[in-house]
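Here's a quick briefing to read with the structure open beside you.

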Amino acid sequence: SSSPECNSNNLETIRLGLEWFTNPDHLPLIVAQKHGIFTSFGLDVQLIEPSDHWEAEEEILAGRLDVAVTEPLHLAQDAARGKPVLGFSRFLHTDGGVLYDKGKGEITRPADMCGKTISYPGSPGPGGPAIVNTMVKADGKLDCDISSYKKHNGSFFHTHALQSNAADVATLIFWNFEIPEAKAKGMKDAAFFSLKEWGVPDFCQLVLMTTPSHFDKRKDVLRKLVLAMRRATGIVHQQPDLAREYYYQHVHKEDASETQQAVIDATFTATLPAFPNDNMMSTEYYEHLMGWLVETDQVDGKAGEEVSVSSYWTNEISW
């Protein structure tokens, strides 16, 4: 790709930080790039993978990024911690929650997870038990002690945590990625309990965020980004074979191992329906999410109650 300097006369550069390594969740970005949609909107969008987990708002404040991908959960948590974050467009809505191996027969319903070992990236923080215990309660078991859960930090290697018996369940998973991956790696009865079905606010979504000051400064350009991704989403749904071709080129599928090729195939297919046409999110959604974060002691109660949704989410350019 050409450098930003070459583009200064005609294209606006947007350095967009991904939340994880490139995967099918990022399809509208990849299609917009490969299909020339970004260019037709006058944009040069550079997709940047994190070398390690980064604090996106710090990268934006430092001038290294313009926009970053995040989950509503992290957006709300960051807002409650007083960070300068503003989400402005939701582009993925999948399903997900807690992964378990149905084949082992020990877990058949959420209530069975009481007291089990949970693998989750933020371990030993409160997130894993908060999610699992909310599900356990929603399944009617109201007497499970939150301190009964054991914690394992298996990072994002959820399948490995279960297959190595380091944990009984793993969260937070997106079904379109982790379920096909687990099956391709030999967990043929991989299953999950869905957040939205068991009392947890559904944050299996991806949004674009920036800082409030950067948003004000580059609002017109960010509106073009939203519209370009929306056009790419149309191609994903109407020409899925073309989208698949673009994606396989982008991730160099032909160079991958046989197992990895199977994962690439299966995750792509599972992710196709997950891109909504509506990029807006409601105030009520975030109020409910923040209420759950406060209730489960994941954010400070006073901070969670005082921060207004309009300070960290806007539909101004996502209509």
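What follows is a short tour from the whole chain down to a few single residues.

This is a predicted model, so treat every value below as computed from it. The chain has 319 residues, and its radius of gyration of 20 Å agrees with what a compact globule of that length would have, which is near 20 Å. In secondary structure, we're looking at 13 helices and 10 strands.

**Overall shape and surface**
- The C-alpha trace spans about 65 × 50 × 30 Å along the principal axes of the chain.
- Just over the surface question: 53% of the 319 residues count as buried.
- If you take contacts with a separation of 6 or more, 80% of them join residues 24 or more positions apart.

**The nonpolar cores**
- The largest nonpolar core holds 87 residues, and Leu16, Phe203, Leu225 and Tyr286 have the most contacts inside it.
- Helix α9 (residues 212-238) gives this core its largest share, with 10 residues.
- Apart from that core lies another one, of 10 residues, with Leu162, Ile173, Ile179 and Ala182 among them.

**Thr233, in helix α9**
- Thr233 lies in helix α9.
- With a relative accessible area of 4%, Thr233 falls under the 20% cut-off, so it counts as buried.
- Setting aside neighbours within four places in sequence, Thr233 is in contact with Pro28, Phe275, Pro276 and Asn277.

**Gly154, in a loop**
- You'll find Gly154 in the loop between β7 (150-152) and α7 (158-163).
- Is Gly154 buried or exposed? Its relative accessible area is 11%, which is under 20%, so Gly154 is buried.
- Not counting residues up to four places away in sequence, Gly154 touches Ser119 and Tyr120.
- For a sense of distance, Gly154 and Leu73 are 81 residues apart in sequence and 20 Å apart in space, C-alpha to C-alpha.

Terms used:
Residues are numbered from 1 along each chain as its sequence is written. This is a predicted model: local features need pLDDT of at least 70, side-chain atom pairs count only at pLDDT 80 or more; totals for chains, interfaces and linings use all residues. Side-chain values use heavy atoms; hydrogens and water are left out. Helices (H or I, at least four residues) and strands (E, at least two) are DSSP runs, numbered from the N terminus. The radius of gyration is taken over C-alpha atoms; the globule rule is 2.2 Å times the number of residues to the power 0.38. Buried means under 20% relative accessible area, exposed over 50%, partly exposed in between (1.4 Å probe, protein chains only). Contact means heavy atoms within 4.5 Å. A nonpolar core is a set of buried Ala, Val, Leu, Ile, Met, Phe, Trp, Tyr and Cys residues joined through side-chain atoms within 4.5 Å.
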